[in-house]
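Reader: Please show the model, and then take me through some of its features.

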Amino acid sequence: MAMEEPKTDDVLPPKTDMNKLFRGDTVPVRFTTRTFQGKMPSVTYHIPVRVTMDALSDFVNSILGMDPPVAFNFLCRNEFIVFNVLEKYMKKRNINKETTLDLEYTPAFDIEAGTSMPHDDWVSTICRLPLPEPEAGTSQEDPALTQPYLTGSYDRCVRIWRGKECLYVGGGHTNAVKKAVVLSASEEESELGKRKRDCLTCTFVTASKDGTVRLWKFHGGQMSEIYRFVHNDGLDALAVTPDGTLVASGGFERLLRIWSLDKVLEDKGSGTREYLHCALLGHSRPIMACGFGYHNRAWVFSAGLDGNVRVHDVREQSPVTVYSADCSACYCLAVKPCEQAEYIVTGHTDNKLRLWDTRTKGKAQTFIGHKGWIYDVCWNSLFTESTYGFSSASEDGVISIWDIRGSYPLGQVHHHKDGVLALGWLGRGVLLSGSKDCTVRSCVLNTLTNRWQTASSV
């Protein structure tokens, strides 16, 4: 049934008891959304400036006729409104009452605790195996229980999981596994009497404190080493190009080495050629994280304890630029494409996160909310239209959920008993975290949009 649009100066639909919340001076407001299926009428409402965000959310629910109601967050000028009262935001941004506000509403999310997977030591890396996800509505199981993933730990082992079930434990490194990247994965249909792990095949690389990067293949329930790249000191940083041709690694020798992964795979690890593409200088202290560009595919980003984020051109084997974090050591980095450029989010020992935009040379946007060093960051998206969400893990034992359009966390998870070292985004709202408490834990970030997408497919 088509919804009848209210008149311009109608503030609330009839037969509501909310009118008492809407009194005093008003400001013209238009409502839009990019993340919710229910659309507000394209009219201007005159909303009291002293309205609270909760009351504004109730108002949108009333207009849309939502039952049960949905909690909404609001953005103005592409910025989250973090104040409880609209008037405080207007004063902060010097907006007068005659200015028409375009408010974007987006569903808030709730965080559900998931499962816990015990390990024998600190968990330092988590990777999703890139298998096709089941279509929404085709599976009633928690995605955290169906999506396979890989973990690396300080006990020198790699584990392959499906939910709470550990399919395989294997090793080869002589020191802690600090980082892993999965290159490819496939799965056969399970046959009667065939073990689940025998159906999985995946190729991945790992970097370790033993100073080696190792290329592995898991097939038929067994893990075999294809090749190893050798450094002169322990490693913390590892990244692979989106097309899988190059791998970057760095650590305490302060060099970012770029290796020709495609040649190794062509030679099947025979070692008949030289695989070191180049070694990039610049950092004065150990390199802790790195990542390749998406639009600028010749670029590689590295972050180190010297507080610098360096951009290198692999093709030219030369520096491009340096972003300085005010001498605050950087432990982690994550890269995401955005409008023919890249966003780089970094975590630091001053308990802050910083967002860098390769289109600008200005100062980074800062995010505040942690009370300990930040060990890992990962991009995530609760909505298919959104490119703004990321998560962070800290020594304070907290996982924070962020949006780049706001400087404070939208939500936090407190289910670990010690510092959180690693994050992994499985998709469909599932976030994994690895900790010094020797567990991997899952949580589900739920929005009404997620539930609508599932229900609409049933």
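Author: A pocket is an open set of points on a 1 Å grid over the protein atoms alone, with protein on both sides within 12 Å along at least five of seven lines, and its lining residues have an atom within 4 Å of a point. Grid points are joined across faces, edges and corners, and a volume is the space filled by probe spheres set on the points. This is a predicted model, in which local features need pLDDT of at least 70, side-chain atom pairs count only at pLDDT 80 or more, and totals for chains, interfaces and linings use all residues. Residues are numbered from 1 along each chain as its sequence is written, and side-chain values use heavy atoms, with hydrogens and water left out.

Reader: What volume does the second largest pocket have?

Author: The lining of this second largest pocket comprises 17 residues, with Met53, Phe72, Asn73, Ile81 and Val82 nearest its centre. α1 (53–64) and β3 (72–76) each supply at least two of the lining residues; helices (H or I, at least four residues) and strands (E, at least two) are DSSP runs, numbered from the N terminus. The volume of the second largest pocket is about 280 Å³.

Reader: Which residues make the nonpolar surface patch of about 290 Å²?

Author: A nonpolar patch joins side chains of Val, Leu, Ile, Met, Phe, Trp or Tyr within 5 Å, from residues with over 30% relative accessible area and no salt bridge. Accessible areas come from the Shrake-Rupley method with a 1.4 Å probe, and for residues only the protein chains shown count as cover. The patch is made by Val82, Ile368 and Tyr408.

Reader: Which residue forms a salt bridge with Asp120?

Author: A salt bridge is a side-chain nitrogen of Lys or Arg within 4 Å of a carboxyl oxygen of Asp or Glu. In this bridge the closest N and O atoms are 3.2 Å apart, and the partner of Asp120 is Arg159.

Reader: Is Arg159 buried or exposed?

Author: Buried means under 20% relative accessible area, exposed over 50%, and partly exposed in between (1.4 Å probe, protein chains only). Asp120 counts as exposed because its relative accessibility is 64%. At 6%, Arg159 is buried.

Reader: Why does the pair of Asp102 and Arg30 tie together parts that are apart in sequence?

Author: The side chains of Asp102 and Arg30 meet in a salt bridge (2.9 Å, N to O). Asp102 lies in strand β5 (residues 101–107) and Arg30 in strand β1 (residues 26–32), so the pair ties together parts whose separation in sequence is 72 residues.

Key. Patch = residues over 30% accessible without salt bridge, like charges linked within 9 Å, V, L, I, M, F, W, Y side chains within 5 Å. 1 Å grid on protein atoms, 1.4 Å probe; cavity = no way out; pocket = protein on both sides within 12 Å on 5 of 7 lines; lining within 4 Å.
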